Amino acid sequence: MAAAADLQRTLTDLGLEQYLPNCLQAGFQNFQSLSSVTEADLTALGVRLGHRRKLLRKIARDHAWPDNRPLPTSYSELQQHRNSVRRLQRGNVDPDTLEENYYSLTSPSQSPSPWSRAASSSSDSTASTRESLDGARLQLAGVLRTSSPLFPIAIHEGDNHARGREKISRALRGLDNFGIHIPAADPLKFSDPDRILESEKWLYDVMPHGPTSGLSRGSNRSEAGVTPGTQPLETFIEAFSQSFNHYLFLFPEYELRQSFNPRKWTSDTDLPIDVCLVLALGAKASSFQVEDVRNEWYRRARLRLLSDDRQDDLWMMRVLTLICLFEIDDDIDVSYSFLDAATNIGLENGLDSPEPTLNGMTEPAFSQWLRVWDTIRFLNLWFLLQPQAMGRQLSDTSRFLNIEQPPLLFDYCRNSRLIQMSIGALSNHLREILNDCRDSTKEPCSLLYKAHLQALDSWHAELPLYTSLQTPNMEDSRMVNPEADYRQKTAILNVQSLFLGIVCVLLQPALMAVLQCTQSSSEHELIVYARRCVSSATILIRLCDEIVSSGYQFSASWIAQHFLFNACLVLIADMNRSNSTLEEFVSPNEHLECIQIAQNLLDQVSSASPQATIVRLFCRAAGISDAMKVD
């Protein structure tokens, strides 16, 4: 009983008394028995990542490990350091060897401890690693201070319209391959004042002039009539799980539900940083109109990141990725800066190496790291699709993943794993397509299109029912099973829009080649691929419309938003082509209807996004604005 009292007293002093029952049940009868705890032990005990740091720092301090040093890489290193301290006290060791022990190169022979990142293999590489880490920390410190409309630090109040105009101009510069001239694409390149005036007029006519979303500097959200406690926090945790974590792995589902249980906190002002970001994304995906609430949680998390102690690298990669996802449809440059910082942390830990080992880390921690890295790899591919061509091509490490890790405890966990595998497979197809289509000066090749389409269609034909579409018929035109729940709609929307969007990306050069051809397009060798591009764009738009009409929150699906935008531009370009060549197979009314649908959906997403404005510009340049009534 005395030993258990010691354990209870120590955990209480650390503010971790909630873990006492689990520790006792697992056989840890005193605090000394926790000294050699492993990553697997902490996972089994349900200890949250932030609380692990407190616990491990206490264990390290008890072993005479200095507080001003990072946590050791293993328990064996901790023991070695303590023994050296004891020998020093007896006068049997040179004090300089203590520093050598700190940079010990010995790999742990036991189950790896979650103390820190892997150590280097030589003194030279140690110095190089420390130099690399210092550079990465400096970059991270700068990224964490990045301003955005949603987290303004040094943004002038009157710059919103100018910033929006610049975002649109930059986005347009990467869209000149649609064969439609937009005077507003780059007003700075014009020397003629009349041309500059025309460009500015185009932008003014199509840009929204109402108040923009986001926090204004110095605003007091408590005066807005909405506070973070208005809705149950469980609602937003569930919304995050259904709309984000279901198809992009960031947390194991069981950890998300156990460790992120809002009932553990008496006040939402004390919520951890990662919980605040999860709630902000959940509010973004929720059916509740809580823009002020989600921005307040986001602001809290960003502010605390500037001052609070940061946890281990996995935690930081997750936090940076959460921020990337929150900013992704509002400010793509800010979003990518956080993804780039997360990518660098992964590279420091060797996640892009041919055989990542993470210093011998065991399951389920090993697969958690690799699955978060897989999400970061996919996001980098997605950024490569943007007009600015950001992002990096990272190695595919999915072959090292254990399909059963982290454990699949419930049906929704198995479905999530299924979706994540589908997203991973499609990202591999996308990577190959981007590699083959990187050189825009090459002529479109029908053999290349045929090979990629066969691979994509073969994969698509094997999709499980959970993510498949129904075949519309005369009696039922719906593509989605009306009995599908919210999670299944998330799966269908993201997997199918990614598939259809990749087809459009692959075949868009064929459509443009037909557009620029002077002969009858029906005789062009690429016309079959141009038609497949257009039909895929049409299906994608109607799928998005059907799912959103069923009550789905489209603001959560940035994948569908991007490919919906691209599909809309494909249809506008095709209308421009068909009008000039009198193409018979094109239905102008259906195209107009789909473009109008896409325009309406993009308008619902974010007033800060330039996509809806660019669609208006394209419609005006193609001469279809009056028919659509979008001006």
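Q: Is Phe378 buried or exposed?
A: Phe378 is buried, at 4% relative accessible area. Buried is under 20%, exposed over 50%, partly exposed in between (1.4 Å probe, protein chains only).

Q: What kind of model is this, and which pLDDT limits apply?
A: It is a predicted model: local features need pLDDT of at least 70, side-chain atom pairs 80 or more, while totals for chains, interfaces and linings use all residues. Residues count from 1 along each chain as its sequence is written, and side-chain values use heavy atoms, without hydrogens or water.

Q: How many aromatic pairs?
A: The structure has 11. Rings of Phe, Tyr and Trp (its six-membered ring) pair with centres within 6.5 Å; planes under 30 degrees apart are stacked, over 60 edge-to-face, the rest tilted.

Q: What is the geometry of Tyr336 and Phe383?
A: Tilted: 5.2 Å centre to centre, 55° between planes.

Q: Why does that pair tie parts together?
A: Because Tyr336 sits in helix H15 (332-348) and Phe383 in helix H16 (365-384), 47 residues apart in sequence. Helices are DSSP runs (H or I, at least four residues), numbered from the N terminus.

Q: Are Tyr336 and Phe383 buried or exposed?
A: Tyr336 is buried at 15%. Phe383 is buried at 0%.

Q: Back to Phe378. How is it placed against Trp558?
A: Phe378 and Trp558 make a tilted pair, 6.2 Å and 45°. Phe378 is in H16 and Trp558 in H21 (558-581), 180 residues apart. Trp558 is buried too, at 3%.

Q: Which rings cluster?
A: Tyr336, Phe378, Trp382, Phe383 and Trp558, linked by ring pairs.

Q: New topic. What lies over Phe326?
A: Lys284, 4.9 Å from the ring centre. The cut-offs: NZ of Lys or CZ of Arg within 6 Å of the centre and within 35 degrees of the ring normal.

How values were computed:
Helices (H or I, at least four residues) and strands (E, at least two) are DSSP runs, numbered from the N terminus.
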